[in-house]
Amino acid sequence: MTQVTVVDHPLVHCHLTTLRESTTTPAEFRQLVRRLAMLLICEATQTLGVEPRQVRSPLGVVEGCQVAERVGVVPILRAGLGMVEPVLELVPDAEVWHLGLYRDETTAQPVEYYSKLPDASPVDVALVLDPMLATGGSATAALKSITAWGVRRTQLISVIAAPEGIEEVTRCFPETAIYVAAIDRELNQQKFIVPGLGDAGDRIFNTSSAS
Ligand code: PRP
């Protein structure tokens, strides 16, 4: 059964509001995506496995813990790149496996253009990063590749989602846990999320003028 978590935190609401604003500059947009990714990752890593670790502080021995799982971070290019750095800030030993997918403008179907996922030795948990979950085509294509690699636990972390995308991922990957900052109203005829935030990739990389 897919678990969908809409992270309900005042800072998430505030940063998302500014992220959506059309006058937000690419520099501000990148920073806001980082902040939101960090807040979402805190929630998504609640289930991360840890093991005991004893350390010595200047005043004595203390029982603590350390991450006990191999974590794979899978950003979907391009926009997912904007979420990698904050994840590595929190999970510094994570492996980063890039997946290149773009959505064909006429069909809205995902087209894969980069993947170097290995055939063996899958990570214990894969965190798929993409700020936008629209039709769900890109996310399900990514999850197919990750599952084919042998990864058994997957999480999808997106800033905003459309109900259609949530439904598609839920249908294809009922075991995948989804974390989002908001589920928007709908997709428009061009399959853009409404009200959304525009094209995250273009806003992160300042390429809006070329589209
Ligand atoms: C956007 C977005 C997702 C995808 C979502 O990427 O970042 O990857 O579309 O749409 P879907 O759920 O309908 O598949 P885009 O194709 O614009 O590529 P980009 O990140 O390189 O701009």
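Me: Between which two elements does the loop with Arg78 lie?
Reply: This is a predicted model, with residues numbered from 1 along each chain as its sequence is written. Local features need pLDDT of at least 70 and side-chain atom pairs count only at pLDDT 80 or more, while totals for chains, interfaces and linings use all residues; side-chain values use heavy atoms, with hydrogens and water left out. Helices (H or I, at least four residues) and strands (E, at least two) are DSSP runs, numbered from the N terminus. The loop with Arg78 lies between strand S4 (71–77) and H3.

Me: Is the peptide bond from Leu77 to Arg78 cis or trans?
Reply: Most peptide bonds are trans. From Leu77 to Arg78, omega is near 0° and the bond is cis.

Me: How far is an oxygen atom of the ligand from an N or O atom in the side chain of Arg78?
Reply: Arg78 is among the residues that come nearest to the ligand, out of 15 around it; such residues have a heavy atom within 4 Å of the molecule. Oxygen atoms of the ligand also lie 2.7 Å from a backbone N or O atom of Arg103 and 2.6 Å from an N or O atom in the side chain of Ser138. For the side chain of Arg78 the distance is 2.8 Å.

Me: Which strands and which helix each supply at least two residues of the shell around the ligand?
Reply: Thr135 and Asp130 are also among the residues that come nearest to the ligand. The elements that each supply at least two residues of the shell are strand S6 (99–103), strand S9 (132–133) and helix H4 (137–149).

Me: Is Asp184 buried or exposed?
Reply: Asp184 stands in the loop between strand S11 (177–183) and S12, with Ile160, Ala161 and Pro163 among its contacts (heavy atoms within 4.5 Å). Its side chain makes a polar contact of 2.8 Å with that of Arg20 and reaches the backbone nitrogen of Gly196 at 2.7 Å. The classes are under 20% relative accessible area for buried, over 50% for exposed and partly exposed in between (1.4 Å probe, protein chains only). Asp184 has 6%, so the residue is buried.

Me: What is omega for the peptide bond that joins Val194 and Pro195?
Reply: Both Val194 and Pro195 are in contact with Asp184. Pro195 lies in the loop between S13 and H6. The bond is cis, with omega about 5°.

Me: What phi does Lys191 have?
Reply: Lys191 is in the loop between strand S12 (186–187) and strand S13 (193–194) and is partly exposed at 37%. Most residues other than glycine have a negative phi. For Lys191, phi is positive and near 70°.

Technical notes
A polar contact is a pair of N or O atoms within 3.5 Å; within protein, one must be able to donate a hydrogen and the other to accept it, and residues adjacent in sequence count only if both atoms are side-chain atoms. Lists of a residue's contacts leave out its neighbours within four places in sequence.
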